[in-house]
Amino acid sequence: MKLPRIVRQIGKHVVQAVPILRRHILTSTDYRVLSGADEARSAMASSGGWLAARTVERQERAYQNLIAAMKRGEPRLDFTVAAQAVAATGITKPRLIEIGCGSGYYSEVFSALLPDGVDYTGIDYSDAMIARARAGYPAAAFEVADATKLPYPDSAFDIAFNGVSLMHIVDYAAAIREAARVAGRYCILHTVPVFDHHPMMYLRKYAYGAPVVEIVFGKPELMSLCEEAGLVLERTWPCIPYDVSEITGHRSATETYLFSRKA
C-alpha cells in the first residue's frame, strides 16, 4: 500500500535531517570537498569504505532492484550505454575485463543486453566484493587485484572496461595506463563524472553508509591522460545525471568513453 504523500514528505524530511539515517538510507550523501590527493589518500586509509562487507551488501541490494528492472525490459540508462559501448567495438563475444567489478553485476548486464554476451573477467581490490561476486555469479571469473597494478600480460583482453570505479581510484593516472596496457583493442571508461570547464576535484562522501573518496574529473585533463596512455577516443555517450554543483560550485555530468588502442 502506497503511503499518503504528506507521510512520505515527512519521512523524507526526517531522513535528510538526521545524519545517521541520511548516511544509511541514501545512496550518496554528506559530500565534502577535499584539498587534494594527499587528503584523499588519508581519507581512504582511515575508512573501510568499499572493503566493508556491510557496504557490499547494501550496494548489492540497491543493484538487485536495477537488475530486476532490466529483466522486466526496463534497463537503466547506464546499463544500456555500457552494452552499446561494448557492441560498438564490433567484436563478437569479446574477452572483457571489468576493472573495479564490485559484486559482479555487470557480468549479468552484458549477458542480458548483448546477443552473444562477453567472455568476462572481473577484478576488484575488495575481498568482500569479490567474495560476493563469486557467490552470485559462480560461472564467471573473479580475482582480487589492484587496478593500478593488474596481474595480466599486455593485451590480455580485447576490451578493458572500467565501470564506475575510476572515480574512486586516487591514483587514477596509473589505473588508466594499466587499463590501456591490458586492452588489446579497446578501452571503455564508463559513467565517468566530469566537469567540462573546471579542473578535477576530490570529494569525500557517504556511499551505502560508508565514507568513500570520489573524483570528478576535468574533462581536458582526463582526455590528455588517456592520450598519453596510447588511447584514441572513438565515441562518447552521455550517461546518468550526476550534478554535484551544489557542493563544488561547478556543473558536472557523467559520460562513457570508447577508446581504441593506438596501432
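Visitor: What makes up the accessible surface of the protein?

Guide: In this predicted model, the accessible surface comes to about 12,600 Å², and carbon and sulfur atoms account for 53% of that area.

Visitor: How many of the 263 residues are called buried, as a percentage?

Guide: Buried residues make up 53% of the 263. The word is used for a residue with under 20% relative accessible area.

Visitor: Why are helix 4 and helix 6 called roughly parallel?

Guide: The axes of helix 4 (residues 53-71) and helix 6 (residues 105-113) cross at roughly 5° and come within 11 Å. Angles under 35 degrees count as roughly parallel, so helix 4 and helix 6 are roughly parallel to each other.

Visitor: Which residues make that contact?

Guide: Helix 4 contributes Tyr 63, Ile 67, Met 70 and Lys 71, while helix 6 contributes Tyr 105, Glu 108, Val 109, Ala 112 and Leu 113. Contact here requires heavy atoms within 4.5 Å.

Visitor: What is the mean pLDDT, and where is the pLDDT below 50?

Guide: The mean pLDDT of the protein is 87, with 86% of residues at 70 or more. Over residues 6-26 the pLDDT is below 50, and this stretch has 22 contacts in the model beyond near neighbours in sequence.

Visitor: How many helices and strands are there?

Guide: The protein has 10 helices and 10 strands.

How values were computed
Residues numbered from 1 in each chain as written. Predicted model: local features only at pLDDT ≥ 70, side-chain atom pairs only at ≥ 80, totals over all residues. Heavy atoms only, no water. Axes fitted to C-alpha atoms, helices over the stretch in contact; angles between N-to-C directions. Helix = DSSP H or I, 4+ residues; strand = E, 2+ residues; numbered from the N terminus. Parallel < 35°, antiparallel > 145°, perpendicular 65-115°, else oblique. pLDDT = per-residue confidence, 0-100. Buried < 20%, exposed > 50% of the residue type's maximum accessible area, 1.4 Å probe, protein only. Areas by Shrake-Rupley, 256 points an atom, 1.4 Å probe, with all protein chains shown as cover.
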